[in-house]
2 protein chains.
Amino acid sequence: MGHLGKQTIVFQNKPVILETYSTVGPKEGQGPMGSVFDTVLEDELLGEKTWEKAEGMLIKQTVQGLLTKSGKRQEDIQYILCGDLENQINSTQDGIKDFNIPFFGLYGACSTMGESMSLGSIIIGGGYADYVIAGASSHYCTAEKQFRYPLEYGGQRPLTQQWTVTGSGFVLLGKTGTGPKIHSITTGKIVDFNTTDVFNMGAVMAPAAADTILTHLKDTNQKPEDYDAIITGDLGQCGTDILLDLTKQLGTDISAVHQDCGLLIFDNQAQDTHAGGSGCGCSASLFSGYFYQQLKDKKLKKILLVPTGALMSLCSTQQGDNITGIAHAVSIWCE
Amino acid sequence: MGHLGKQTIVFQNKPVILETYSTVGPKEGQGPMGSVFDTVLEDELLGEKTWEKAEGMLIKQTVQGLLTKSGKRQEDIQYILCGDLENQINSTQDGIKDFNIPFFGLYGACSTMGESMSLGSIIIGGGYADYVIAGASSHYCTAEKQFRYPLEYGGQRPLTQQWTVTGSGFVLLGKTGTGPKIHSITTGKIVDFNTTDVFNMGAVMAPAAADTILTHLKDTNQKPEDYDAIITGDLGQCGTDILLDLTKQLGTDISAVHQDCGLLIFDNQAQDTHAGGSGCGCSASLFSGYFYQQLKDKKLKKILLVPTGALMSLCSTQQGDNITGIAHAVSIWCE
């Protein structure tokens, strides 16, 4: 069908999600979703000397896991699209360089899984590749040290704060084959809701999520109930409350079908993770490890995955600027 | 035609470059190319309080300039794809947020213009949009303070070092219309040549440029002489010497048709810019301001634009890692 409505593409040749692979850290492995991931790491360093090299190795092992699980060689893959939260997507570059696959580097903060799956789908849908790998990653230690405090400082965490997930998820998209298909994508715009609190990312991302979800439903002429689940990336408790309020105020109640990866991945009480999980690795690992299997098992037949990003930069927040948000929706149907 | 050879797409529905807009800083305006740009700024601050806000304004003015020059409204544009060199592409987010256009954020270091034009072409070529804006930006003051020394420190610059261009270039890609067309793209892989010198970006990027150019020629079964010009992004003098040596050693002499934006934009002797210009804004502004007009005037009929990026991160270089490179080629034909 091509472009539909304001911001949506409905694919005529629907890209197939042929396989996924997920890797998470030990804390994520101890959480309520611990059993769904392909690999749970024993520690956060993966035998490396720095957190950044560790995140690179996390990405490398996840991509290698995906290739092995799907029986593909790196030469079979025409493009890899991915990113992480580090400055200059440092760990992504390090993690994927040895695969020798043409690379598009992305920065969408925690919305990166939505961005990579969207652009990967456009490449496949347009007939420009047979196989594309898309993914995202985050690491608690690289993110906290870069965006907030040195880990050793032990800064007090406000209750609105979320816990950056150490995790990575990658998917193999194909032109043909068996598996859940990407029906449509809705690409987000930058949303500025005048938020400046670096300890409340949920409040930054919720308005962007609301904008993208409502635009998607309007563009495709659907109701929330047409989906078995509308899954936001990492709004956590604060962001989820805001999203449900906002969408209701705007005339659409999504509460019956809404889930949030940031609320699923940890037990906030028992694991002391306050408002929930966050980071690009949160939705990336949970889609790859959990929702993909639910689709394959036909427990869910139609989902809207909406990774959500807070476009926070240390430099701009120190200069007093607002933190803006973005969210990209990927509609996945089991046929 | 779709995917061809190892890394190349030849477009059946060739995206048209309908319009371009370029903005540069005062130093670039005083250089040998000063007269080709749409706007030359009077100072590097654009009335803003910080360099980062200034780069955001540079981007905003360039996108606005492109919309005005092309007679398009922001509602006509389905996607905008762009990036800069700042952490979390901070200024890009700030510069484009008010346009309210669905946004894909990219990080390809100084290869970003190649990445944005490539992905924009895939969207248009696949029939998923009528109009897409693609671009890139860099700013001397934001880049130097982030990657090297505070400007006030006045660090001695080695002769291998380049001068980050304050500049931005954006292009309007369309499905139909009159103008030079994007014939094909060759997407680069990450190339690691064991380089660690943060003051010699040319040496990092040259092997990536060689890899992408030679792959493009092989994939499309062309010789260097089939092009009126093969234009690298910002190799500068050191990188250009390495590129010409490397390609010759690998059996292909590109010296008769090679040009480098980093060598064109400044008078290195008179302007004290050492090895030449650099930054994503270098190839972005020079393609948008100069090469596009040369194509429209039929002075050049067939060019290969190869923006080149050094995937440098302060964190990884401080940890002793190699700096890797990447280059994306865009083949543009005047019919």
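**Entry 1: across the interface**

I started at the contact between the two chains, where Asp192(B) pairs with Lys97(A) in a salt bridge, closest N and O atoms 2.9 Å apart. My rule for a salt bridge is a side-chain nitrogen of Lys or Arg within 4 Å of a carboxyl oxygen of Asp or Glu. The idea behind it is that side chains of opposite charge can pair when their charged atoms come close.

Housekeeping before I go on: this is a predicted model, where local features need pLDDT of at least 70 and side-chain atom pairs count only at pLDDT 80 or more, while totals for chains, interfaces and linings use all residues. Residues are numbered from 1 along each chain as its sequence is written, chains are lettered from A and ligands numbered from 1 in the order in which they are written, and side-chain values use heavy atoms, with hydrogens and water left out.

How many salt bridges cross the interface of chain B and chain A? The rule finds four. I also noted a salt-bridge network that links Lys53(A), Asp94(A), Lys97(A), Asp192(B) and Asp321(B).

For polar contacts I used a pair of N or O atoms within 3.5 Å; within protein, one must be able to donate a hydrogen and the other to accept it, and residues adjacent in sequence count only if both atoms are side-chain atoms. That gives 21 residue pairs across the interface of chain B and chain A, both residues at pLDDT 80 or more. On the side of chain B that touches chain A, H4(B) supplies the largest share, six residues. I take helices (H or I, at least four residues) and strands (E, at least two) as DSSP runs, numbered from the N terminus.

By class, that side of chain B has 24 nonpolar, 23 polar and nine charged residues. Here Ala, Val, Leu, Ile, Met, Phe, Trp, Tyr, Cys and Pro count as nonpolar, Asp, Glu, Lys and Arg as charged, and the others, Gly among them, as polar.

**Entry 2: extent and symmetry**

With contact meaning heavy atoms within 4.5 Å, I get 56 residues from chain B and 56 residues from chain A. The area buried between the chains is about 4600 Å², and carbon and sulfur atoms give 59% of it. That is the accessible area (1.4 Å probe) that two parts lose on being put together, summed over both.

Then I laid chain B on chain A: a turn of 180 degrees and a shift of 0.0 Å along the axis do it, with an RMSD of 0.0 Å. That is how a two-fold axis relates copies.

**Entry 3: salt bridges inside chain B**

Over all chains the count is 28 salt bridges. I looked at some within chain B.

Asp38(B) and Lys69(B) meet at 2.9 Å, N to O. Asp38(B) sits in the loop between helix H1 (26-29) and strand S4 (39-40), and Lys69(B) in helix H2 (residues 51-70), so the pair ties together parts 31 residues apart in sequence. For exposure, buried means under 20% relative accessible area, exposed over 50%, partly exposed in between (1.4 Å probe, protein chains only). Asp38(B) is partly exposed at 32%, and Lys69(B) is partly exposed at 39%.

The next pair is Lys181(B) with Glu335(B), 3.4 Å from N to O. Lys181(B) is in strand S10 and Glu335(B) in the segment after strand S18 (329-333), 154 residues apart. Lys181(B) is partly exposed at 24%, whereas Glu335(B) is exposed at 62%.

Most residues other than glycine have a negative phi. Asn100(A) goes against that, with a positive phi of about 60 degrees. Where does Asn100(A) lie? It is in the loop between helix H3 (90-96) and strand S6 (103-105) of chain A, and it is partly exposed at 46%.

Last stop was helix H5 (residues 140-147) of chain B: seven of its eight residues are buried, so the rest of the structure largely encloses it. Among the buried ones are Tyr140(B), Cys141(B) and Phe147(B). Their cover includes H2, S7 and strand S8 (163-164) of chain B.

Methods. Least-squares fit on C-alpha atoms with pLDDT ≥ 70 in both.
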